[in-house]
Amino acid sequence: METVRCSVNCWADFGDILSGGVAHTGTEVLLTTGSSDLLVFSFQEKRVKSVLQFDSPVSSLAVSEKSRLYVLCRNNGLYCTSFPQESSSQSAQKCDASVSTISRDSIIIEDGNMQAFILVEGILVIVSLQESFWSFDLYKVPNCSTGATVYHKHARIQIPENTVGARIVSAPVLASVYPSKDSSCKGRTCQGHYLLEPLLFRLLFGVDAALVHSPVILCGLPDGRLFFFPLLLPSWREQKPRIRMLHSLEQPVTFIGTSVVGEQGPQCLVAVGQMGRILLIRANQASSDGKAADCGFIEQTVRGPVVCACVDGEHLFYSTSTNLLALPLSKTAASSAFSSLRAAEGEREGIRQERPALLSQSAVCLSVSRVIALAEPSVTPTGRVQLLVLSLSGRLLQVTVPQESDKDSVSRLASSKVGQTVKDLLAGIGNVWERATSVKLQLQLKNNILKRLNQVINICSLFLTYQKSSQEGKDCKPPISCHGVAKWSTLLQKEALVLTCTLENLSACVLDQGWTLFIEVQSPHSLTAEGISKTYSFALKKLDCGQKMEVSLPLESRDEAFVPVKIQCFLVYSLQSLLHPEECRNLSASDIPVSHFLEDKSCISLTLNTLTLDWLDCLRIGELASHSGIPKHNSVWEATRIFLSSRRIHTEEQPMPKADHHVVAIRISFDLLKTGLGFRDCSSAALCVSVLNWLLFGMFLTEGQKLVESAVVCAHGPDRQPVTLLTKEVILSDVNAEGLLSVVEVQVQSSSMAAVCGLHHAVLQRLQGLLKDAPMKCANPGQLKGQRLCEAVRHAESLYKDLQDSQSSAAFGGVMKTRTSESLFDLYLQLRENPLVIL
């Protein structure tokens with residue numbers, strides 16, 4: 001297939017469209033874009049002058065000799081209106097187009113079954129599909145000078161619809177053909193109206209139509225059949241015209257027209273099918289041996305589909321879904337005639353001839369793509385053919401086809417410099433390849449960024465759903481959680497407490513590069529004024545669904561006051577890692593507080609679990625502490641001395657008093673423990689052991705932990721002092737008015753005041769969490785003995801009075817006495833001597 005580069009000028013751009021049409025009307029162009037708007041475009045001004053708005057999409061149109069505009073709207077009717085006149089103000093402003101709304105009062109024929117129409121010699125021919133018949137209705141256009149406005153139907157022709165095979169949805173194609181009086185005429189009048197040489201006209205349509213020079217209406221139906229009937233026979237008023245079938249293309253008809261295949265004017269009738277079949281009908285002159293003149297039907301095929309087509313002289317211009325091509329019909333007719341002659345000779349000689357090959361290789365590609373509508377061609381004064389086309393991208397283009405001499409000169413120029421041309425083409429291909437590679441890399445990078453951002457948004461959505469479910473009281477697991485366990489380890493003969501945090505991904509998303517796990521350790525206010533909190537960060541590489549990641553971090557344990565420790569876990573994603581991962585700031589810097597990332601708009605922060613490490617978590621069970629590292633026992637006196645020295649208050653040296661053995665107890669009812677911990681069927685001894693394991697290890701075990709098997713546990717605390725935890729069953733008779741009450745008593749024993757207070761506080765925290773997770777209905781106050789409660793209240797009031805006296809004496813003179821701390825601790829122990837029962 002030969003390729004020719006045409007001159008293309010873009011006149012207007014209307015945006016992407018699906019269908020459309022274009023037609024000439026003198027100095028203006030009528031455009032349809034598949035919508036209910038009809039655009040009037042000016043050749044000279046290269047702009048849209050006016051817009052006509054209808055009720056429904058415009059399907060076809062026609063212009064009469066008196067500048068009346070006929071428009072057929074889909075499923076509505078046929079409108080008749082005049083062209084809008086441009087006002088003086090609009091002519092001054094060339095950039096503005098007038099907008100006119102066409103009312104339904106302009107409908108002259110209202111029929112939703114109309115498919116197509118044509119205006120010929122003051123007669124409207126309308127094709128409609130009525131049930132199973134194709135109807136051709138003929139209406140006489142009224143004379144406007146007499147004031148008549150009614151369109152009367154004068155005739156109707158019906159032919160049955162071809163119901164064989166599947167019905168193809170497409171509109172019929174109408175054209176009118178006149179017999180030409182001048183042999184030099186090129187067969188071009190206006191859109192849909194063509195001329196044909198008298199001999200072929202008479203052979204095809206009859207002597208009567210040729211004698212009265214009656215136009216013949218040609219109709220190509222969607223089933224491929226070609227019908228015709230003369231329009232102006234003398235007898236058409238008394239009886240309906242007779243319709244005949246000319247041929248069948250066996251595919252929807254796209255175009256009907258006439259072409260010049262020689263020097264005698266329009267000598268060929270052309271019909272083009274939607275799938276690429278072309279029908280050429282030519283007249284064979286009378287031969288010298290006395291045979292009468294007849295006509296020959298020639299069928300050829302090009303590669304389809306054929307979207308639209310038009311004819312100019314000897315060329316058929318047609319558009320496929322990709323290219324605009326020009327097919328020389330004279331060569332086609334000559335090759336077909338030669339093939340017919342060879343076929344006749346072969347029949348005489350008994351040789352079977354094959355069907356002629358495709359004509360696509362004879363077509364010339366005009367290098368214009370995606371054309372969906374063609375107007376009738378025009379010829380410039382220099383003899384070049386100009387096509388007005390509408391593309392699928394909505395651009396109105398003027399395509400100038402070069403002449404044969406131009407093609408030859410271009411080819412000769414290219415052959416003389418073929419080497420340089422090849423080099424230029426290769427260089428251009430290299431540049432295009434480099435640009436395409438760069439664009440491909442950029443698109444791949446953007447796709448990866450969008451995928452990662454989609455993962456981040458999905459994770460945030462899962463967290464929001466979990467928070468909403470938690471607020472509604474639903475029992476659900478968090479999509480991502482973090483658990484921590486504290487263990488003692490020895491490194492270089494030095495004991496240290498190490499916190500191991502496990503990040504578990506239970507969601508369907510992947511935590512990949514860009515996510516950072518932050519762990520903030522918040523120490524309680526201690527005797528030293530050094531840092532209160534410290535932040536650790538761990539960058540994630542890839543954590544798939546169901547995977548876990550363990551991280552370890554040391555805990556400062558210089559004295560017993562470093563517990564309880566509050567640990568907050570966060571997941572932080574830096575949005576800068578999406579665009580500039582190499583320039584992203586280092587999120588692993590431990591000196592940056594977590595609050596900075598929570599307030600930073602370039603980061604997405606998700607709050608995970610909040611953990612608390614207390615004395616129960618930091619016990620060393622069944623381990624002997626290294627005696628070399630055990631300091632002296634810090635009693636009340638020693639603690640007071642350390643506190644005063646930290647405040648730079650000097651006191652006289654006093655001898656250290658003898659250490660005492662301290663005991664505190666907490667009592668919990670059997671019913672609360674069995675219900676809250678789920679031990680309903682176990683014995684009292686087994687319940688005591690289970691309660692002790694629950695206090696030490698919680699509701700789940702981690703790797704390396706062993707359950708205790710007795711109700712007594714001996715261990716060492718964070719201050720390296722020995723402590724004892726025991727649980728036992730106690731029967732109380734002075735609490736319940738109905739009888740005895742069984743409770744579990746948890747005792748904490750140690751000679752260290754800090755260990756006793758810390759462990760007692762840790763046990764109470766466990767019980768508060770149990771009451772929150774498994775709330776119980778309190779016992780009826782009438783079942784409790786009021787005397788026991790009154791004694792407990794009076795005992796607490798007396799201790800409160802002693803506490804106020806101790807605080808007043810401690811503030812006397814601004815100096816705290818050592819015996820004040822001892823008295824405060826004695827009050828604490830007295831408060832715990834007769835503990836209340838947690839029901």
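**Figure 1. An aromatic cluster at Trp11 in the predicted model.** Ring pairs join Trp11, Phe41 and Phe43 into a cluster. The structure shown is a predicted model. Trp11 also has a charged neighbour: Lys46 lies over the face of its ring, 4.7 Å from the ring centre.

**Figure 2. Arg620 over the ring of Trp488.** The charged end of Arg620 sits over this ring. Its distance from the ring centre is 4.6 Å.

**Figure 3. The ring pair of Phe136 and Phe229.** The structure holds 8 aromatic pairs. One of them is formed by Phe136 and Phe229, with 5.9 Å from centre to centre and 70° between the planes, an edge-to-face arrangement. The pair links distant parts of the chain, with Phe136 in strand E14 (residues 133-140) and Phe229 in strand E20 (residues 225-230), 93 residues apart. Both Phe136 and Phe229 are buried.

**Figure 4. The ring pair of Phe201 and Phe205.** The ring centres of Phe201 and Phe205 are 5.0 Å apart and the planes stand at 70°, so this pair is edge-to-face. Both residues belong to helix H2 (residues 198-205). Because Phe201 and Phe205 are 4 residues apart in helix H2, about one helical turn separates them. Phe201 and Phe205 are both buried.

Figure 5. Side chains of opposite charge can pair when their charged atoms come close. The structure holds 11 salt bridges. In one of these, the side chains of Lys49 and Glu28 meet at 3.0 Å, N to O.

Figure 6. The side chains of Arg766 and Asp614 meet in a salt bridge of 2.6 Å, N to O. Arg766 lies in helix H12 (residues 753-773), whereas Asp614 lies in the loop between strand E42 (603-613) and strand E43 (620-621). The pair therefore ties together parts that are 152 residues apart in sequence. Arg766 and Asp614 are both buried.

Figure 7. Arg667 and Glu745 meet through their side chains in a salt bridge (2.8 Å, N to O). This pair links distant parts of the chain: Arg667 is in strand E44 (residues 662-669) and Glu745 is in strand E47 (residues 741-750), 78 residues apart. The relative accessible area is 15% for Arg667, which is buried. Glu745 is also buried, at 5%. Elsewhere, salt bridges that share partners join Asp55, Arg104 and Glu110 into one network.

**Figure 8. The two faces of strand E40.** In a regular strand the side chains alternate between the two faces of the sheet. Along strand E40 (residues 548-555), Met549, Val551, Leu553 and Leu555 point to one face and are buried. Strand E40 pairs with strand E35 (residues 495-505) in the antiparallel sense over 8 bridges. Glu550 in E40 is the bridge partner of Thr502.

**Figure 9. A nonpolar surface patch.** Val207, Leu211 and Val212 form this patch, and together they have about 270 Å² of accessible area. Val207 is placed in helix H3 (residues 207-211). Because its relative accessibility is 45%, Val207 counts as partly exposed.

Methods. Residues numbered from 1 in each chain as written. Predicted model: local features only at pLDDT ≥ 70, side-chain atom pairs only at ≥ 80, totals over all residues. Heavy atoms only, no water. Patch = residues over 30% accessible without salt bridge, like charges linked within 9 Å, V, L, I, M, F, W, Y side chains within 5 Å. Areas by Shrake-Rupley, 256 points an atom, 1.4 Å probe, with all protein chains shown as cover. Salt bridge = Lys/Arg side-chain N within 4 Å of Asp/Glu carboxyl O. Buried < 20%, exposed > 50% of the residue type's maximum accessible area, 1.4 Å probe, protein only. Pairing = 2+ DSSP bridges. Phe/Tyr/Trp six-rings, centres within 6.5 Å; stacked < 30°, edge-to-face > 60°. Lys NZ or Arg CZ within 6 Å of the ring centre and 35° of its normal.
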